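Here is a short note to go with your first look at this entry. Please keep the viewer open and follow the points in order.

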Amino acid sequence: MFIDIRDRTGLTQAVFDQEDCDSEVMELARSLRREDVVQITGGVEPRAGGTNPKLDTGEIEVRGTALTVFSRSNNPPILPDDNEAAKMAEEVRLRHRYIDLRRPTMQRTLQMRHDLMALTREYFYNLGFLEIETPLLIKSTPEGARDFVVPSRIYPGKWYALPQSPQIFKQILMIAGCDRYIQICKCLRDEDPRADRQAEFTQIDLELSFVDRDEVIKIMTGFIRRVFKQLLDLDLGQIPKVPWQLAIDKWGVDRPDMRFELHLQDISEVAAKTDFKVFQSALAKDRGVVKAIRIPNSAKALTRKVLDQLQDTAKLHGAGGLPWTKVTEDGFEGGIAKFIDCIAEELSAALGVEPGDTILMSCDEWLTACESLGQVRLHAARHLELIDTTAWKALWVVDFPMFKWNADKQRWLAEHHPFTAPIPEDIDKLESDPGSVVSAGYDMVLNGSEIGGGSIRIHDSEVQNTVFRVLGLEEEDMRVKFGFLLDALSQGAPPHGGVAFGLDRLVMLLMCTDNIRDVIAFPKTQSGADLMTEAPGPIDQEQLNELQIHCVEQVAAE
RNA sequence: GGGGCGGUAGCUCAAUUGGUUAGAGUCCCGGCCUGUCGAGCCGGUGGUUGCGGGUUCGAGUCCCGUCCGCCUCGCCA
């Protein structure tokens, strides 16, 4: 009579034999069913009937002499089995989360998440950081994501917001003389979730006084290297700083995946020598460029169908199309070959092509051309399996532009957030030429995923006012919404800066999953529902009355 | 808010041009066997085909609406 017993550390076999225990125990053991909760008393011994190499505990077994049944389980709707779970609809796993979490992988993930949090606190506490909590019920601030909102009972018609991040509070803590702050905190943004994004997520949030960009980067580099060394026994090595402009130029994204090559190259000069209208009209644009990537030995793999899919990718990201050609012994063939034959030699030399290569191109205004081809680069690499999945490539992206122009709203938006400082030499240009101002922000990127970012903040209320003005916030509006911050800044504010790391995404990387729900004990679905508790749910009329909230439209169902 | 894919037994799936009583594996229950560990053999329970309409002699299948899940664009300072 064999029984697999499982706890959070793993699986062990127990055996009940008439030679070891009386018939009552035998009978009770025989009555055991899946997921019953038991206590087994007995000796640990080498297995009598041969070992099982597939189990960590395959060489031993517990020979039961006594048995207590703490609790019986109904027949479980799903099994806590990693292989089963891989095939199962995620919906049913989320509905029965208490069973799904029993799976070995889930237990390991929860352990990993805990280890990361413990390590984080230890690392920063040792550097003199203070863990300080900030409020959950706060004032709604403009800009940024949509706020989750909580009605006030005491002030009918007024609302709290839940924090999108503790940003302003941690800056105020610096002004309050707290020097070094850390918090592992929940952040809430009422935006549609994604595979790697939840409305409710966890941040490793910190802020330091009297630092410059490179000091923050140094501390965080030490942190992330420690994380991977301690949790995965992996040395990330030196972490290079890449200016934003170079990142876009070379990889076509502000979070480059450096685990594979396929760099974007600028072929504007050569392309200008053709009569190809598509190139010519792109080059005629302000900052118009022609970019190309060379994909070695891909002529066969990149079939017409695949190229069409890549073209869809390019179009989705703003390009008009995806000019391409293949390289043969006899020159270019297919795609736009006939338009660029005239520059075949020059272009081949510039790109260093060889027969069997495919050349993919984009042409447009610089940012669009780079970004669309950057996405093509990613998709092509995935399709051709060029990504070294055992590699770990981290970098810092620095020198972001301070603002980006939003054509729809016809105004400047903060690239990072409105409290980010410009680099000192660009302060004069804030109002005269906002588009050229470089910010003191920094993002850490690991394997093409942004895992953290931050900036040196503005610690001068005049500069802060100027930035608000550039962002088109009215003077009066500023007073109402950020008056307390401006007041604080004018009461002696130290230079300060900080960073926030996405805890969930870090655990995703550590556990090698691309599903954020796998690293959160009780996650929500893509429509923000908790399938286990069925939140969000209705509330009593009495509660509504108390809050003086009247629902205009009753929900039809029920 | 837009696009794509999906929803049939507890779970994973099948079901011909619309056609008999919606099947299989697994799980579960019972029996036999058994130092088993992906056990084996025999038998059994289990279904409002997500929901609501419509077309039809007849709908899992076709049409309309709706709900839910996943991926994705917008969005995510």
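Predicted model: local features only at pLDDT ≥ 70, side-chain atom pairs only at ≥ 80, totals over all residues.

1. A base nitrogen of RNA strand B sits 3.0 Å from an N or O atom in the side chain of Asp-192.

2. Residues are numbered from 1 along each chain as its sequence is written, chains are lettered from A and ligands numbered from 1 in the order in which they are written, and side-chain values use heavy atoms, leaving out hydrogens and water.

3. How many residues surround RNA strand B? There are 41, and the closest are Arg-33, Glu-61, Gly-144, His-416 and Ser-527. Near here means that a heavy atom of the residue lies within 4 Å. Of the RNA atoms within 4 Å of the protein, 53% belong to sugar or phosphate and the rest to bases. Helix H3 gives the most to this surface, with three residues. Helices (H or I, at least four residues) and strands (E, at least two) are DSSP runs, numbered from the N terminus.

4. Next, look for an open sheet of eight strands with mixed pairing, in the order S5-S8-S9-S21-S20-S19-S16-S10. Its edge strands are S5 (130-131) and S10 (241-243), each pairing on one side only. Two strands pair if DSSP finds at least two bridges between them; S8 (180-188) and S9 (200-209) have nine, in the antiparallel sense. Along this pair, Lys-186 stands opposite Thr-202 in S9.

5. Helix H5 (104-126) lies across S5, S8 and S9, at about 150° to S8. Helix H6 (167-175) lies across S8, S9 and S21 (496-502), at about 20° to S9. The axes are lines fitted to C-alpha atoms, for helices over the stretch in contact (heavy atoms within 4.5 Å), and angles run from 0 to 180 degrees between N-to-C directions.

6. A second sheet to find is open and antiparallel, with five strands in the order S11-S12-S15-S13-S14. Strands S12 (288-295) and S15 (358-365) pair over eight bridges, with Ile-295 opposite Thr-358 in S15.

7. Which residues touch the most other members of the largest nonpolar core? They are Met-220, Ile-224, Phe-228 and Phe-501, out of 57 residues. Helix H7 (213-232) gives the most to this core, with nine residues. Such a core is a set of buried Ala, Val, Leu, Ile, Met, Phe, Trp, Tyr and Cys residues joined through side-chain atoms within 4.5 Å. Buried means under 20% relative accessible area, exposed over 50%, partly exposed in between (1.4 Å probe, protein chains only).

8. Finally, helix H16 (461-470) has eight of its ten residues buried.

Definitions and conventions. Polar contact = N/O pair within 3.5 Å; in protein donor to acceptor, adjacent residues only side chain to side chain.
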